[in-house]
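Try each one before you read its solution.

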Amino acid sequence: MTLKKVKPKKFVLTTPLYYANDLPHVGSAYTTMIADVISRYKKLKGEEVLLITGTDEHGQKIERNAEANNLPAQEHCDRIVNSFKLLWDKLDIQYDRFSRTTDYQHKKIVYEFFQRVWDNDDIYLSRQQGWYCVACEEFKEERELLEGGYCPVHFNKKAEWYDEENYFFRLSKYQLQLEEIYKNNPEFIKPVSCRNEILKFVGQGLRDFSISRVNVKWGFTVPNNPKHTIYVWFDALLGYITALLEPESKEITLNSAISQGWPINLHLIGKDILRFHAIYWPAMLMSAKLPLPEHVFGHGFLTKDGQKMGKSSGNTLNPFELVDKYGSDPIRYYFLKEIECGKDGDFNETRFINTVNADLADDLGNLLNRTLGMAQKYCKGLLPSITGTDLPQEHPLKKIGLDLGENVIKTYDDLKFNEGCEEIFTLIRASNKFIDEQAPWTLFKKGEHEEMEKVLYGVLESVRLAAYLLAPIIPGLSSKIYKQLGFSVDFNQVEYLKKIIPFEKHSQWGKIAHDKLLSKPQPIFAKLDVSLNKNF
Ligand code: MSP
């Protein structure tokens, strides 16, 4: 079986629906920043995009957390949800839908889906015995557990022995179909490391999994058997479908949700929840006779100073403190540029400060600053109306600039943001070298005005292109650069950009004249002070 190639009119991508058990940590922020960059990039191109994020609010983990906080579960979730929304605002994340599994529409979608799977004879009652990690909300094989029965993901949490009657989903029935899907659609699971992990796991043989609990109250009860609640993962994955409904939609049915953008193009997740998305989810969808998502992409873990970040290791970063201290753009830049999406990546504060200072302040900011300074001094902030076609083919910036847009677009399409940033900064570093070599101040003194203006044009056009291509990652700084270059553009007003600054023109080098009044230079990014580096 091949995945049905349905061309949805809009590009739909999702982050995981984060557990509303605790405040967001930087791992959740990482996924959401990547998703936001993808969404902004596509919107910049003029594509219609729907970015879905949200929270997963049922299940034992949250039930226990609410109890520990002495709050009714719903109230506990409401508080946590507010902190997620606040963090996304602080990080300039522009989501289109925030899906909560406690939203009233969701229950209807879950019941309708459950019924479809039931009608397909894929649900049966049986006995579940096994070790359960509440923090993962997942049964573990005994051989997977660490010494003393601790969870391999949550080192300080002991798995608990469960022996109860549960409803099961016939996952084993889908073994062959899943294998065929992986074979015929090598791009379904990305990157290759994740695909291989899944192939290996499925190759060992799939077992049915339980989709209800009898010891958990906080969840949807199983239709016709209120002793059971529906397993949190079965419920949560369906949150992606519920999110497709228009917020005010009157018709809350699977079909109406599906008609709003299914199948999803990209599920962006961390590699720890790959099995749920690449095995359970497609099997559930096949059982309900729905087409499958196009891609599941598993990114790596964030580590801190070389160690995996996690609450159990006590080395998580508080994303609120981080963004309050440094602002959103440098954080977004660091995580996108310094970590290869799909591999584990480290946060080290000294490296963070050195990277953003070198790239954003020294290479990019200073270049703009001094070039604009010269434009003010030597030509009163006005350059003649020239474009790249007026410069020779062997012009060193033109040579790099002409291919840059296309190269960077390719890296963004492949989620290789680190490579995209590298390419962009090759042009910026070449521009710094070029201006030093060409010495416009000498050309000015010698009265070679036209030559001097061409030098300034080439450099300013390179800075503009870099700002445009970096805008999905650093929208604030890119807006500052564009404004100083005389464009009244705010890269956070994503929906208007395509009209004001068409992608076809602005993503190319040399198509724009810089004959508008250039502003007086103002530093776009003040260097971070290394002595701030104490608290993380
Ligand atoms: N609720 C489920 C997802 C349900 S989706 C229908 C869940 N939530 S979670 O809050 O625990 O995790 C959400 C995401 O955060 C996962 O993709 C996970 O990989 C990611 N991260 C958690 N810790 C992380 C790091 N240290 N580094 C990178 N991402 C990490 O799972």
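**Exercise 1.** Is phenylalanine 320 buried or exposed?

*Solution.* Keep in mind that this is a predicted model. Start with the location: phenylalanine 320 sits in helix H11, residues 319-326. Next, take its relative accessible area, which is 14%. The cut-off for buried is under 20%, so phenylalanine 320 is buried. Now look at what surrounds it: once residues up to four places away in sequence are set aside, phenylalanine 320 touches Pro24, Ser83, Leu86, Leu87 and Lys90. For a check on distance, pick threonine 14, which is 306 residues away along the chain from phenylalanine 320; their C-alpha atoms are 22 Å apart.

**Exercise 2.** Stay with H11 and describe how it packs on helix H12 (residues 328-338).

*Solution.* First, the geometry: the two axes come within 7 Å and cross at roughly 115°. Then the residues: H11 brings Leu322, Val323 and Tyr326, while H12 brings Ser328, Pro330, Ile331 and Phe335. Sorted by class, this contact of H11 with H12 has six nonpolar residues, one polar and no charged ones.

**Exercise 3.** Work out whether the length of helix H1 (residues 26-44) fits its residue count, then decide how enclosed the helix is.

*Solution.* Begin with the count: H1 has 19 residues, and at 1.5 Å a residue they should span 27 Å. The end C-alpha atoms of H1 are 26 Å apart, which agrees. Zoom in on one example, serine 28, which lies in H1. Its relative accessible area is 9%, so serine 28 is buried. Beyond its neighbours within four places in sequence, serine 28 is in contact with Tyr18, Phe84 and Trp88. To finish, go past the end of the helix: H1 is followed by glycine 46, which has a positive phi near 95°.

**Exercise 4.** What is the make-up of residues 18-28, and what does UniProt call them?

*Solution.* The UniProt record (an unreviewed entry) places "short sequence motif: 'HIGH' region" at residues 18-28. This span is 27% helix and 18% strand, and its end C-alpha atoms lie 7 Å apart.

**Exercise 5.** Asparagine 70 and lysine 289 are not glycines, so check phi for each and then ask: are they buried or exposed?

*Solution.* Asparagine 70 has a positive phi, near 60°. It is placed in the loop between helix H2 (60-68) and helix H3 (73-90). Its relative accessibility is 71%, so asparagine 70 counts as exposed. Lysine 289 also has a positive phi, of about 60°. This lysine 289 lies in the loop between helix H10 (274-287) and strand S13 (295-299). At 60% relative accessibility, lysine 289 counts as exposed.

**Exercise 6.** Describe the packing of helix H13 (residues 349-379) against helix H17 (residues 449-470).

*Solution.* Two packed helices are described by the angle between their axes and the distance between the axes. For H13 and H17 the angle is about 145°, and the axes are 10 Å apart. The crossing of H13 and H17 is left-handed. Residues making the contact include Leu364, Leu368 and Tyr378 of H13, and Met452, Leu456 and Val463 of H17. By class, the contact of H13 with H17 has 15 nonpolar, two polar and one charged residues.

Note on methods
Residues are numbered from 1 along each chain as its sequence is written. This is a predicted model: local features need pLDDT of at least 70, side-chain atom pairs count only at pLDDT 80 or more; totals for chains, interfaces and linings use all residues. Side-chain values use heavy atoms; hydrogens and water are left out. Axes are lines fitted to C-alpha atoms, for helices over the stretch in contact, and angles run from 0 to 180 degrees between N-to-C directions. Helices (H or I, at least four residues) and strands (E, at least two) are DSSP runs, numbered from the N terminus. A crossing is left-handed if the near helix is turned anticlockwise from the far one by less than a right angle, and right-handed if clockwise. Contact means heavy atoms within 4.5 Å. Ala, Val, Leu, Ile, Met, Phe, Trp, Tyr, Cys and Pro count as nonpolar, Asp, Glu, Lys and Arg as charged, and the others, Gly among them, as polar. The expected span of a helix is 1.5 Å times one less than its number of residues. Buried means under 20% relative accessible area, exposed over 50%, partly exposed in between (1.4 Å probe, protein chains only). UniProt positions are given in the numbering used here, feature names are shortened, and annotations may be inferred rather than shown by experiment.
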